[in-house]
Amino acid sequence: MSTEKSITATITRHLTRQKLFWIKIHGSPMQKKGLPDLLVIKDGKPYFMEVKTPWGKPTPMQEYRIEQIRDAGAACEIVCNWDDVKRVLNL
């Protein structure tokens, strides 16, 4: 059974192999709650990704942040595996 941590590790390995710039966003008391797990920049565009297990659901705060990011004009998607990421990034 996959965890969000193992799914994130798989995704970041693939992102590195693709030579894409990415940042893992770690939660802390000094940042806004509900931020997505990953920020990927491809062709100068930001893509935020909330990593979930296939049965996982975003919290209400995560849903709120996803909408805020989309309203600001950036892509923000929930991903469960590398195939989801490839679809989001058009790889």
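The legends below describe close-up views of a predicted model.

View 1. Four strands form an open sheet, arranged in the order 1-2-3-4, and their pairing is mixed. At the edges lie strand 1 (21-24) and strand 4 (75-79), each of which pairs on one side only. From one strand to the next, the twist averages 20 degrees. Strands of a sheet pair through backbone hydrogen bonds, and the pairing may be parallel or antiparallel.

**View 2. The hairpin of strand 2 and strand 3.** Strand 2 (residues 38-42) pairs with strand 3 (residues 45-51) in the antiparallel sense, over five bridges. The two strands form a hairpin with two residues between them. In the turn, Asp43 has a positive phi of about 55 degrees. Two pairs of facing residues may be located in this view. Leu39 has Phe48 of strand 3 as its bridge partner, and Lys42 stands opposite Lys45, also in strand 3.

**View 3. Strand 3 and its pairing with strand 4.** Strand 3 and strand 4 run parallel and are joined by five bridges. Across this pairing, Met49 stands opposite Glu77 in strand 4. Five of the seven residues of strand 3 are buried, so this strand is largely enclosed by the rest of the structure.

**View 4. Helix 1 and helix 3 against the sheet.** Helix 1 (residues 4-17) lies across strand 1, strand 2, strand 3 and strand 4. The direction of helix 1 is at about 15 degrees to strand 2. Helix 3 (residues 82-89) lies across strand 2, strand 3 and strand 4, and runs at about 155 degrees to strand 3.

View 5. Helix 2 (residues 60-71) consists of 12 residues. From its first C-alpha to its last, helix 2 reaches 16 Å, close to the 16 Å expected at 1.5 Å a residue. Gln62, Arg65, Ile66 and Ile69 are buried in this helix. Seen down the axis of helix 2, the buried residues fall within an arc of 105 degrees, so they line one face of the helix. The cover over these buried residues includes strand 3 and strand 4. Pro60 and Asp71, on the other side of helix 2, are exposed. After the helix comes Gly73, which has a positive phi, near 100 degrees.

**View 6. The cysteines Cys76 and Cys80.** A disulfide is a covalent bond between the sulfur atoms of two cysteines. A search of the whole structure finds zero disulfides. Cys76 is in no disulfide, and the nearest cysteine sulfur, that of Cys80, is 13 Å away. For Cys80, the closest cysteine sulfur is that of Cys76, and the separation of 13 Å is too far for a bond. Cys76 is buried, with a relative accessible area of 0%.

View 7. Thr3 and Cys80 are 77 residues apart along the chain. In the model, their C-alpha atoms are separated by 9.9 Å. Thr3 belongs to the segment before helix 1. With a relative accessible area of 42%, Thr3 is partly exposed.

Conventions: Residues numbered from 1 in each chain as written. Predicted model: local features only at pLDDT ≥ 70, side-chain atom pairs only at ≥ 80, totals over all residues. Heavy atoms only, no water. Pairing = 2+ DSSP bridges. Axes fitted to C-alpha atoms, helices over the stretch in contact; angles between N-to-C directions. Contact = heavy atoms within 4.5 Å. Expected span 1.5 Å × (residues − 1). Buried < 20%, exposed > 50% of the residue type's maximum accessible area, 1.4 Å probe, protein only. Arc of directions from axis to C-beta. Disulfide = S-S within 2.5 Å.
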